[in-house]
Amino acid sequence: MTREIQLQKELVEAIQSAYLENKFYEVKQNCEALKQLGELPNYIIKIIDKADTAIQQAESLLEEGESLLANGYPNKAIECFEKAKKIVKDHPDVETGIERCKTQLIEAEDCLEKIKKAVDEEDFEKALELKTELESLNRDLVVDADHLLQDYQILKKEKKKRTLLIGLIAGLVLLGLIVVVATYFSSVQKIQDKKAFINLTKIAEKTKDPRKRLVLYKNFLSKYPKTLFLSYFNAVARAFVESFF
């Protein structure tokens with residue numbers, strides 16, 4: 001047996017063995033080497049076709065896995081990479097893809113721990129920022145983050161209620177002060193009105209001329225237009241008018 005025939009035999013055996021193990025990249029490599037030694041048998045050509053089909057299926061799964069990983073679904077992505085590995089065991093991008101998924105899962109768990117720590121320290125702004133980061137790493141853990149932040153949402157609502165309650169109380173207090181101040185000034189005004197009226201009557205008694213009295217009354221009314229003794233002045237005015245008839 002010549003060296004060339006021996007090499008062909010070894011390559012065929014290697015192709016068949018790789019094919020059974022789903023090592024289709026190895027199948028294609030050995031087929032290329034076999035092709036250099038002569039025309040390929042039909043069954044080898046069929047193996048190459050099956051290898052190409054398997055590689056295409058694996059690459060489609062790898063593409064889907066990359067998309068899932070980029071969108072924050074490393075668990076689903078790793079499933080795609082594992083399926084691709086079953087189809088093409090020796091695909092060069094499968095293992096690196098799986099490792100990147102595992103790394104992203106670890107980063108997501110670390111991010112969730114940081115959120116828990118931030119919540120314990122009541123640093124809710126930081127916790128919310130970390131939640132956004134977590135969404136890009138692993139959306140499946142966002143539910144856990146929301147659960148950790150549930151107390152914050154409750155505190156936020158309670159704070160809002162307290163703010164509204166304080167505002168309402170402050171408004172009522174202010175309204176009460178306005179009423180008290182208005183009542184006070186009204187009372188003071190009544191006292192001043194009464195004192196001024198008493199002084200007026202004393203001066204009016206000493207003033208014999210009705211016309212001068214009328215001037216005194218007019219000046220008083222201009223200063224106290226809402227006097228409590230307005231009925232008195234109306235009576236004086238009527239008496240003054242009647243004195244001419």
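Me: Where does Lys-28 sit?

Reply: Lys-28 is in helix 2. Keep in mind that this is a predicted model.

Me: Is Lys-28 buried, exposed or partly exposed?

Reply: Partly exposed, because its relative accessibility is 33% and the buried class stops under 20% while exposed starts over 50%.

Me: What does Lys-28 touch, leaving aside its neighbours within four places in sequence?

Reply: Ala-51, Asp-52 and Ile-55.

Me: And how far is Lys-28 from Ala-18, C-alpha to C-alpha?

Reply: The two C-alpha atoms are separated by 9.6 Å. Along the chain, Lys-28 and Ala-18 are 10 residues apart.

Me: Stay in helix 2. What about Asn-30, buried or exposed?

Reply: Asn-30 counts as buried, at 14% relative accessibility. Its place is in helix 2, which covers residues 24-35.

Me: Which residues is Asn-30 in contact with, leaving aside neighbours within four places?

Reply: Leu-11, Ala-14 and Ile-15. Helix 1 spans 3-20.

Me: What's in the loop between helix 1 and helix 2?

Reply: Asn-22 has its place there. The phi of Asn-22 is near 65°, a positive value in a residue other than glycine.

Me: Why flag that?

Reply: Because most residues other than glycine have a negative phi.

Me: How accessible is Asn-22?

Reply: Asn-22 has a relative accessible area of 28%, so it is partly exposed.

Me: Which other residue has a positive phi although it is not a glycine?

Reply: Glu-122, with a phi of about 60°. Glu-122 lies in the loop between helix 5 (94-120) and helix 6 (124-137). Glu-122 is exposed, with a relative accessible area of 58%.

Me: Switching to rings. How many aromatic pairs are there?

Reply: The count comes to one. That pair is Tyr-19 and Phe-24, and it is edge-to-face. The ring centres are 5.8 Å apart, with 75° between the planes.

Me: Why call the pair edge-to-face?

Reply: Because the angle between the planes is 75°, and planes over 60 degrees apart count as edge-to-face.

Me: Are those two residues buried or exposed?

Reply: Phe-24 counts as buried, at 6% relative accessibility. Tyr-19 is partly exposed, with a relative accessible area of 24%.

Me: What sits over the ring of Tyr-73?

Reply: The charged end of Lys-76. That end is 5.0 Å from the centre of the Tyr-73 ring.

Me: Take Leu-62. Buried or exposed?

Reply: Buried, with a relative accessible area of 8%. Leu-62 has its place in helix 3.

Me: And what does Leu-62 touch, not counting residues up to four places away?

Reply: Phe-81, Ala-84, His-91, Asp-93 and Val-94. Leu-62 and Lys-83 are 8.9 Å apart, C-alpha to C-alpha, and 21 residues apart in sequence.

Me: What about Glu-59?

Reply: Glu-59 also lies in helix 3. It counts as partly exposed, at 38% relative accessibility. Not counting residues up to four places away in sequence, Glu-59 touches Tyr-25 and His-91. Glu-59 and Val-94 are 35 residues apart in sequence and 9.2 Å apart in space, C-alpha to C-alpha.

Me: Zoom out. How many helices and strands does the chain have?

Reply: 10 helices and zero strands.

Me: How many of the residues count as buried?

Reply: 27% of the 245 residues.

Me: And what share of the contacts with a separation of 6 or more comes from residues 24 or more positions apart?

Reply: Such residues account for 56% of those contacts.

How values were computed: Residues numbered from 1 in each chain as written. Predicted model: local features only at pLDDT ≥ 70, side-chain atom pairs only at ≥ 80, totals over all residues. Heavy atoms only, no water. Phe/Tyr/Trp six-rings, centres within 6.5 Å; stacked < 30°, edge-to-face > 60°. Buried < 20%, exposed > 50% of the residue type's maximum accessible area, 1.4 Å probe, protein only. Lys NZ or Arg CZ within 6 Å of the ring centre and 35° of its normal. Helix = DSSP H or I, 4+ residues; strand = E, 2+ residues; numbered from the N terminus. Contact = heavy atoms within 4.5 Å.
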